[in-house]
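Please look over the sequence and the structure shown here. A short report goes with them.

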Amino acid sequence: MIFSLAHLYVLAGLVLACVAAMTAIDRTNPRRFGSAFFWGFYALLFLAGDLLPPAWIGGGVIAMAVVAGLHRVTPGQHAAPTVEEYVARARRLGNKLFLPALAIPLVAVVASLLANKGMVAGVPLLDAGNSTLAAVGMSSVVALALACWLTRETPAQGVREARRLVDAMSWALVLPQLLATLGLVFSDAGVGKSVAWLATHYIAMDIRFLAVAVYVLGMALFTVIMGNGFAAFPVMTGGVGLPVLVGVFHANPAAMAAIGMFSGYCGTLMTPMAANFNIVPAALLELPDKNGVIRAQWPTAMAVLVFNLFLLYFLLPAP
Amino acid sequence: MAPDVSLWPLIGVAVIIAGFVLRFNPMIVVIGAAIVTAFAAGFGVVATLNAIGAGFLKTRNLTLAIILPLATIGLLERHGLRQHAQAWIQRFRNASAGQLLIVYLAAREFTAALGLTGLGGHVVMVRPLIAPMAEGAAEARHGPLPDRIRYKLRALAAATDNVGLFFGEDIFVAFGAIVLIATFLHEAGIAVEPLKVAFWGLPTAGFAFVVHAIRLWRLDATLAREMRDAPPVESPAQGRDGVSA
């Protein structure tokens, strides 16, 4: 296939390697070597991660976290145009500026819909197993070409701009991946089983409302801890949903599961552990408060959670 | 009653909560929790490093979708995309930040429900387009905005993307969540049509839209009140990169 996950890893690795190299020679960056190590090792994992022993990678990841934790990952200085220059440039290209920006999502959607049909010289265009990601990768390349042509800039300038954005996000860019790793360690270590055991042994599950509350709020709380509703769902549904709500109170399994999963999503909206939805955008939008996005969405999440609690309760068949 | 499962791995959860409450650096907290959890579960040093390394490698795809569009977005920003988005929305005299975000919420939730989850996102839509447009619309109505209100608008733009995505995608039958639910119930001996699961997602999806839209609708009145009470902004909060600080 032409756009496979492996190719995209190399592409991302090359961008990160350029970021690391530019950081290493950037004398305006007060912590250039720490920052260069952070991005350089991360680039290595994209370029050659499959060739390294996992234990080495584990050691390197711990080193990355320590470097970030000691504030050794800092941005360089980026020569930004003045406001007037920006406005003048914006006037030159006008609405054409929207084209490459909108091309990324549009090309990605069209590509993923055609994923299984697109062939070039008998070779599938996209990796069928990862068609969504492959489509995003392909659309990014197409949009970059379009943007370079429109703005008469080189791809090298694109990489410099990518570095500016990587610098703005700093280690928050890597946090979702580290949290997902923690989720995998949690499930290897059996954290879910311990939580389900506590919930089922210390709460009076024979009261209908309490049983519904344990399931709905438990989904949310467990998602807040794990950062991911998918991790909470098997634990809470296997531990409380099926044996108590379906087994004792005869809940409709489809309704219980759908409402349970949505309750988990309410948790996702309220936790810094769901970094790619909450912490990365705060960094990307340059908010001074890392929890600013969570603060903006918790009222919606709480209202939906309470709605779910009563919806599932009233959907239980009468005793 | 003695537990038939080990409760020791819960120490990792305690580390996470304590770390976030004490506001340590999240990278340190998360890696610390991973190490503590692995040790508590009886992993040795090598097994712990292996688990962290293998897990980190397996989850690279999470960051991929953020890194790949950056060069394009960065180039367009260099040529004034955010300034243009701000100016473009101001052509619509009556547009307000709240209305703009309600339209985006509806579009995001509807397209996600059709499975088109790629139409949106923080990197490709919120930072370059939606957040500047929300700021531009508010500025056209209320004059130069203080930073506090700018940040609030941006955070709400990101929150709107999340709410639309989450509560839209879970009523799309072919989405991972529905498949996961159907598979899980099937393994537990309960045959459930994925369509039924999607159907029971509808009330919550509708309610989430209504609640968030009401909050956005009230945003305009809140902004008007806050801007009236706030002292006028001496220097517009236009920072280094032109759109804002």
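## Confidence

This is a predicted model. Its scores are ipTM 0.85 and pTM 0.86. Chain B has a mean pLDDT of 87. In that chain, 91% of the residues reach 70 or more.

One stretch calls for care: over residues 235-245 of chain B, pLDDT stays under 50. For that stretch the model has 23 contacts beyond four places in sequence.

## The build of chain B

Chain B holds 11 helices and zero strands. Read along the sequence, its pattern is α-α-α-α-α-α-α-α-α-α-α. The chain is more spread out than a compact globule, because its radius of gyration is 23 Å, well over the 18 Å that the globule rule gives for 245 residues. Along the principal axes, the C-alpha atoms of chain B fill a box of roughly 65 × 45 × 40 Å.

Two domains are assigned in chain B: domain 1 (10-59) and domain 2 (67-229). The C-alpha centres of domain 1 of chain B and domain 2 of chain B lie 32 Å apart. Of the 245 residues in chain B, 56% are buried. Contacts also reach across the sequence. Among those in chain B between residues at least 6 apart in sequence, 76% join residues at least 24 apart.

## Where the chains meet

How many residues does the contact take from chain A and from chain B? Chain A gives 116 residues, and chain B gives 105 residues. On the side of chain A that touches chain B, helix H8 (residues 175-189) of chain A gives the most, with 13 residues. The residues on this side of chain A divide into 85 nonpolar, 24 polar and seven charged.

## The nonpolar core

The largest nonpolar core has 202 residues. Which of them touch the most other members? They are A:Ala258, B:Leu101, B:Ala134 and B:Val197.

B:Val197 has contacts in both chains. Neighbours within four places in sequence are left aside here. In chain A, B:Val197 is in contact with A:Ala254, A:Ala257 and A:Ala258. In chain B, the partners of B:Val197 are B:Ile178, B:Ile181, B:Ala182 and B:Val192.

Terms used. Residues are numbered from 1 along each chain as its sequence is written. Chains are lettered from A and ligands numbered from 1 in the order in which they are written. This is a predicted model: local features need pLDDT of at least 70, side-chain atom pairs count only at pLDDT 80 or more; totals for chains, interfaces and linings use all residues. A nonpolar core is a set of buried Ala, Val, Leu, Ile, Met, Phe, Trp, Tyr and Cys residues joined through C-beta atoms within 7 Å. A residue is buried if 20 or more other C-beta atoms lie within 10 Å of its own, exposed if 12 or fewer, and partly exposed in between; C-beta atoms are placed from the backbone. Two residues are in contact if their C-beta atoms, placed from the backbone, lie within 7 Å. Helices (H or I, at least four residues) and strands (E, at least two) are DSSP runs, numbered from the N terminus. Ala, Val, Leu, Ile, Met, Phe, Trp, Tyr, Cys and Pro count as nonpolar, Asp, Glu, Lys and Arg as charged, and the others, Gly among them, as polar. The radius of gyration is taken over C-alpha atoms; the globule rule is 2.2 Å times the number of residues to the power 0.38. Domain bounds come from an automatic or database domain assignment. pLDDT is the predictor's confidence in each residue, from 0 to 100.
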